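Biologist: Hi! I'm new to this one, could you walk me through it?

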Amino acid sequence: MTGEPVLSAAGVSVWFPVGSRLGARLRNQQRLLHAVDGVDLDLRRGEALALVGESGSGKSTFALALAGLRPVDGGTIRFDGRVLPRRRSRADLRRIQMVFQDPYSSLNPRMTVGGMLRELVRVHHVVPSSECDDYIRELVRLVGLGDDALRAQPRQFSGGQRQRIAIARALALRPDVLVADEPVSALDVSVQATILNLLADLRAELGLSLLLISHNLAVVRHLCDRVAVMYLGRIVEVAPTEQIFSDPQHPYTRGLLAAIPKITDSATEFAADGGPAVAGDMPSALRIPAGCRFRTRCPLAREICAQTDPGLVAGPDGAVHQAACHFAFDSVTARVPRQRDGEE
Amino acid sequence: MTGPTAAAAAGPILAVRDLRVQISGRRGTVRAVDGVSLDVVRGEALGLVGESGSGKSMTLRAILGVLPPDARVTSGQILLDGADLVPLSQSALNRIRGPKIAMIFQEPMSALNPVMRVGHQIAEGPRVHLGYSRSKAAERALDLMRRVGIPDPERRFRAYPHEFSGGMRQRVMIAMALSCDPEIILCDEPTTALDVTIQDQILRLLARLCRESDVSLIFVTHDLPVVAQICQRVAVMYGGQIIEHGDTRDILLDPRHPYTLGLVRSAPDVEQVRESLVPIPGSPPSLVSPPPGCRFHPRCSFAEEDCRVMPTPLRLLPGGRSTACLHYERCAEALAAEQVTP
């Protein structure tokens with residue numbers, strides 16, 4: 001993967017004010033929830049990058065910030081090397097489009113599919129108005145729907161078809177980057193496959209760069225070139241997909257992988273097996289632990305973890321594999337037992 | 001854990017016989033469950049898998065006697081320890097729900113009472129069903145909270161559900177289900193709404209409790225790998241019927257029904273990367289006027305003329321498994337021909 005970054009985040013932070021305004025005024029400070037807390041991440045042209053993590057890790061908020069749907073409270077987002085301003089122009093907004101998780105609530109129920117697409121194309125002047133009808137017909141065909149879909153309203157479609165419409169809506173503006181936030185988790189298993197295959201085909205056909213947000217590592221492995229793992233507002237590991245699965249460096253990544261049920265698992269072995277892959281719950285983003293933020297659940301945690309926040313550091317193979325752990329890349333691992341590599 | 005064959009000799013705790021549930025709607029009568037039979041033996045976890053609309057949740061609700069208002073059991077038996085639950089009144093069922101059958105729902109937030117302290121909700125079952133005094137029931141609730149791994153139970157006892165995380169709420173649900181020592185717990189997608197790490201914690205907890213207290217489970221889910229971890233046996237539902245049934249490993253790793261094969265192939269798996277996922281074409285059948293013959297034939301690539309006309313009841317195969325497919329041997333051929341990179 002040698003592509004230039006098309007979208008690049010540097011130190012991006014998003015905060016939410018919490019608690020009452022009155023309380024904030026009395027204490028003379030607003031409590032802030034650090035949903036995204038200094039994220040550096042590059043999306044290269046033409047690649048499919050996955051962002052994984054538990055709910056509450058900040059991945060969806062980060063996606064909204066990238067797409068310009070939420071203001072950023074710190075850091076910068078660059079598109080093709082140019083810093084995007086706080087208020088983006090219409091032309092900039094067009095370049096990054098989103099597909100949301102729930103196709104039942106993300107489509108306007110009162111508009112026909114054709115009306116919805118036509119409005120988008122007209123407002124953004126994507127094609128001359130004389131070509132508009134041909135263009136939207138081509139769009140629905142691209143996502144595998146028939147022409148009669150244009151005259152129908154969203155409620156007439158199944159979940160999988162609605163998600164196709166949502167994808168058509170995102171593609172209508174000819175974006176460079178498609179951000180898909182859990183695009184299949186609201187769908188039935190047999191339908192998930194059709195949407196995942198569609199995303200893979202579209203990426204190849206249109207040369208899109210794809211940021212896929214998912215909690216399902218199996219989906220990610222199927223579709224993506226690189227994986228970024230997010231925990232409590234930070235990226236804790238980034239690597240090419242195969243390395244994440246074959247040689248995970250961060251204990252959180254190892255835990256996530258170990259937690260996935262496999263079809264080859266056996267109930268007898270599972271019942272006899274020991275403790276959970278990752279213990280406990282993720283702490284609140286209002287009380288982020290000092291030092292390494294994973295240390296409260298980490299089997300490797302030492303004194304140093306409470307004192308120093310490990311930044312993302314690159315492994316011996318250059319910058320492709322990075323992890324934010326004091327014990328990553330065998331630097332100190334000689335002294336630390338590797339978790340879950342062999343049996344405990 | 002006793003193997004399924006050894007346990008089967010003891011006779012089933014729960015036996016469902018030819019259960020039919022119909023829902024009357026504007027567009028006609030929906031045959032949501034259409035001739036389902038299953039057995040659950042003591043200490044065993046049975047998986048019930050299928051897509052939405054396959055009838056798996058409706059089967060579960062019929063067993064618990066909590067069908068929606070316009071749905072009713074039209075025929076069949078639900079035998080709990082040999083006694084039929086179908087003709088029982090709601091008040092008779094109320095005496096069974098809790099001490100005999102308990103249920104764990106998918107959304108703990110909507111199943112828990114938001115204005116009642118968690119400890120009191122857990123203690124309610126023992127107070128009502130076991131006649132415990134207030135203090136004895138509270139003692140029992142604290143003990144259960146410890147067993148399901150809720151940290152600091154003395155303090156958490158007085159908390160409300162909204163103060164709990166999703167995983168902790170599901171632990172509360174499990175504590176409530178266990179509170180009257182039921183013989184069987186019905187689980188309706190208990191981990192679908194949870195993160196994979198929390199799902200792992202909850203599944204391990206359920207597996208441990210099952211082993212410790214010898215309680216049986218019926219585990220409804222659409223997630224095949226979860227079934228592999230929890231259930232010794234699995235029944236696959238399609239269009240209101242069970243279409244394949246047997247030991248979990250046999251069914252999931254070597255299916256003998258094209259629908260099961262389709263489910264296995266369409267789900268991405270972390271261990272096996274397929275060239276591309278194979279979706280099941282078409283959509284689930286109408287349960288108002290289901291297709292004649294095999295209900296899966298309009299979507300099936302193995303379908304022949306006989307599939308369109310012949311009824312396809314479950315047939316017993318060697319190894320104690322059964323399938324409703326007339327041409328089941330083609331599944332093995334299709335699996336053998338497939339390219340899979342481990």
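Biologist: How many bridges join strand β1 of chain B to β2(B), and do they run parallel or antiparallel?
Modeller: 11 bridges join β1(B), residues 12–25, to β2(B), and the two run antiparallel. Strands here are DSSP runs of E, at least two residues long, and helices are runs of H or I of at least four, both numbered from the N terminus. Two strands pair if DSSP finds at least two bridges between them. Do keep in mind that this is a predicted model, where local features need pLDDT of at least 70 and side-chain atom pairs count only at pLDDT 80 or more, while totals for chains, interfaces and linings use all residues. Residues are numbered from 1 along each chain as its sequence is written, chains are lettered from A and ligands numbered from 1 in the order in which they are written, and side-chain values use heavy atoms, with hydrogens and water left out.

Biologist: Thanks! Which residue stands opposite B:Q22?
Modeller: That is B:R31, in β2(B).

Biologist: And what is the strand order in that open sheet of 4 strands?
Modeller: The order is β2-β1-β4-β5 in chain B, with antiparallel pairing. At the edges are β2 (28–41) and β5 (83–84), each pairing on one side only.

Biologist: What about the sheet of 8 strands, which ones are at its edges?
Modeller: That open sheet of chain B runs β6-β7-β8-β3-β9-β10-β13-β12, and its pairing is mixed. Its edge strands are β6 (101–104) and β12 (315–316). β12(B) is joined by 2 bridges to β13(B), residues 322–323, in antiparallel fashion, and B:R315 stands opposite B:T323 there.

Biologist: New topic: how is chain B divided into domains?
Modeller: Domain 1 takes 8–100 + 183–341, and domain 2 takes 108–181. Those bounds come from an automatic or database domain assignment. The C-alpha centres of the two domains lie 30 Å apart.

Biologist: How many residues are in contact between them?
Modeller: 18 residues of domain 1 of chain B are in contact (heavy atoms within 4.5 Å) with 12 residues of domain 2.

Biologist: How much area do they bury?
Modeller: About 1200 Å², 65% of it on carbon and sulfur atoms. Buried area is the accessible area (1.4 Å probe) that two parts lose on being put together, summed over both.

Biologist: Which elements supply the domain 1 side?
Modeller: α3 (90–96) and α9 (196–213) of chain B each supply at least two residues of the side that touches domain 2. The largest share, 9 residues, comes from α9(B).
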